[in-house]
Amino acid sequence: MLPRMEARAAAIVLGAGAGTRLGDGPPKAFRDVGGEPMLLRAVRAAATAASVGAVVVTVPPGSEHDAEAMLGGIAAPVTVVPGGATRQASVRAALAWVPASSTIVAVHDAARCAVTPELFERVIAAVDEGCDGAVPVLPVADTVKRVQGDRVVGTVDRDGLRFVQTPQAFRRDVLVAAHERALAAGVTDATDDAVLVEADADVRAVDGDPRNVKVTTAADLVTMTAPEPR
C-alpha cells in the first residue's frame, strides 16, 4: 500500500439525502446504526483505507458544522460540503473539492455504512491496474421475472446480471468528463456513477461484499442492529 502522504486516491462519501423512507428524524446519514451515525461509520472506513489520502463528504445544506463535529477524529483529511438536490449533483459538488493530487476517486453512499476499508482498496486497486472504473458486484441469487402490471410475461436470464454496490472507483479525469457530459445532455438524476461512465470507458466488476447492504427503510435499521443469529 502507498503511504498516506503519497496516496493517489480520494473518497467521496455521499450523505446529503433526506431519508424520507426512514420516517421522521434527522437526515438519513445522521441516523444511528449500532450506536454510531451511518455517516461516521462510512467515512471512517474510507479514511482507514491506506490508498485514500483525503475524503470529501456531502451533507444536507446547513448541517455542515454538525458533520464536522461528528467527523473530527477521522485520521485522513476530511472536507465537508453541502450536497445537491440529487445524488448526481452531490457528486459533482464534491468533485470540485477533491485534491488535485488525487488521480483516482472512489464514490460511496453513506447509507452503505457497513462498508469495509478492504472494499475501498479493491476498487481502487482495479483502477490503479489500468481500467477506467471499477464497481463491486454480487451475483443475482433469486429468479428474476419480467412483469406487466400483475401479469408475469417472462423470466430474465440472470447469468449476466449482477447487483451493484458502492464504493465505485474511477480515474478522476474520466469521472469528471462523464459528469460534464451528463450535465450538458440534461441528465440530472443518475442512480450511480458507473451509468455515466460505462458506455464510453472500461469499467470492470470486482467482488462485492454481501455485508455491504444499503439502509433504505426503518426495517433496514432494525435488521442491521439485530444481533447475529446463534
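Buried here means under 20% relative accessible area, exposed means over 50%, and partly exposed is in between, with a 1.4 Å probe and protein chains only. This is a predicted model, in which local features need pLDDT of at least 70 and side-chain atom pairs count only at pLDDT 80 or more, while totals for chains, interfaces and linings use all residues. Residues are numbered from 1 along each chain as its sequence is written, and side-chain values use heavy atoms, with hydrogens and water left out.

**Stop 1**

Select Thr166, in the loop between β10 and β11; helices (H or I, at least four residues) and strands (E, at least two) are DSSP runs, numbered from the N terminus. Is Thr166 buried or exposed? Thr166 is buried, at a relative accessible area of 3%. The peptide bond from Thr166 to Pro167 is cis, and its omega is near 15°.

Next show what surrounds Thr166, taking contact to mean heavy atoms within 4.5 Å. With neighbours within four places in sequence left aside, Thr166 is in contact with Arg87, Val107, His108, Asp109, Arg112, Leu119, Pro136 and Asn212. For Asn212, draw a C-alpha to C-alpha distance: Thr166 and Asn212 are 8.4 Å apart in space and 46 residues apart in sequence.

**Stop 2: Arg87**

From the contact list of Thr166, move to Arg87. Arg87 lies in helix α3 and counts as buried at 17% relative accessibility. Apart from neighbours within four places in sequence, the residues in contact with Arg87 are Leu14, Val107, Asp109, Thr166, Ala190, Thr191, Asp192 and Asp193.

Which residue forms a salt bridge with Arg87 at 3.0 Å? Asp193 does, 3.0 Å being the separation of the closest N and O atoms. The pair links distant parts of the chain, 106 residues apart: Asp193 is in the loop between α5 (172-184) and α6 (194-197), and Arg87 is in helix α3 (residues 87-95). A salt bridge is a side-chain nitrogen of Lys or Arg within 4 Å of a carboxyl oxygen of Asp or Glu, and by this rule the count comes to nine salt bridges. Asp193 is buried, with a relative accessible area of 1%.

**Stop 3: helix α3 and its cover**

Seven of its nine residues are buried, so the helix is mostly covered. Those buried in α3 are Arg87, Gln88, Ala89, Ser90, Val91, Ala94 and Leu95. Their cover includes β1 (9-14), β4 (52-59), β5 (78-82), β6 (104-109), α5 and α6.

The angle between α3 and α5 is about 130° and their axes are 11 Å apart; axes are lines fitted to C-alpha atoms, for helices over the stretch in contact, and angles run from 0 to 180 degrees between N-to-C directions. α3 and α5 are therefore oblique to each other, because angles under 35 degrees count as roughly parallel, over 145 as roughly antiparallel, 65 to 115 as roughly perpendicular and the rest as oblique.

**Stop 4: Arg171 and two aspartates**

Select Arg171 together with Asp132; their side chains meet in a salt bridge at 2.5 Å, N to O. Arg171 lies in strand β11 (residues 168-171) and Asp132 in the loop between α4 and β7 (133-139), so the pair ties together parts 39 residues apart in sequence. Arg171 counts as partly exposed at 31% relative accessibility, whereas Asp132 counts as buried at 13%.

Asp173 is partly exposed, with a relative accessible area of 46%.

**Stop 5**

Select α4 (residues 117-128). Its 12 residues reach 16 Å from first C-alpha to last, close to the 16 Å expected at 1.5 Å a residue; the expected span is 1.5 Å times one less than the number of residues. Buried in α4 are Leu119, Phe120, Glu121, Val123, Ile124, Ala126 and Val127. Gly130 follows α4 and has a positive phi, near 135°.

Finish on helix α1 (residues 38-48), which is mostly covered, with eight of its 11 residues buried. The buried residues in α1 are Met38, Leu39, Leu40, Ala42, Val43, Ala45, Ala46 and Ala47.
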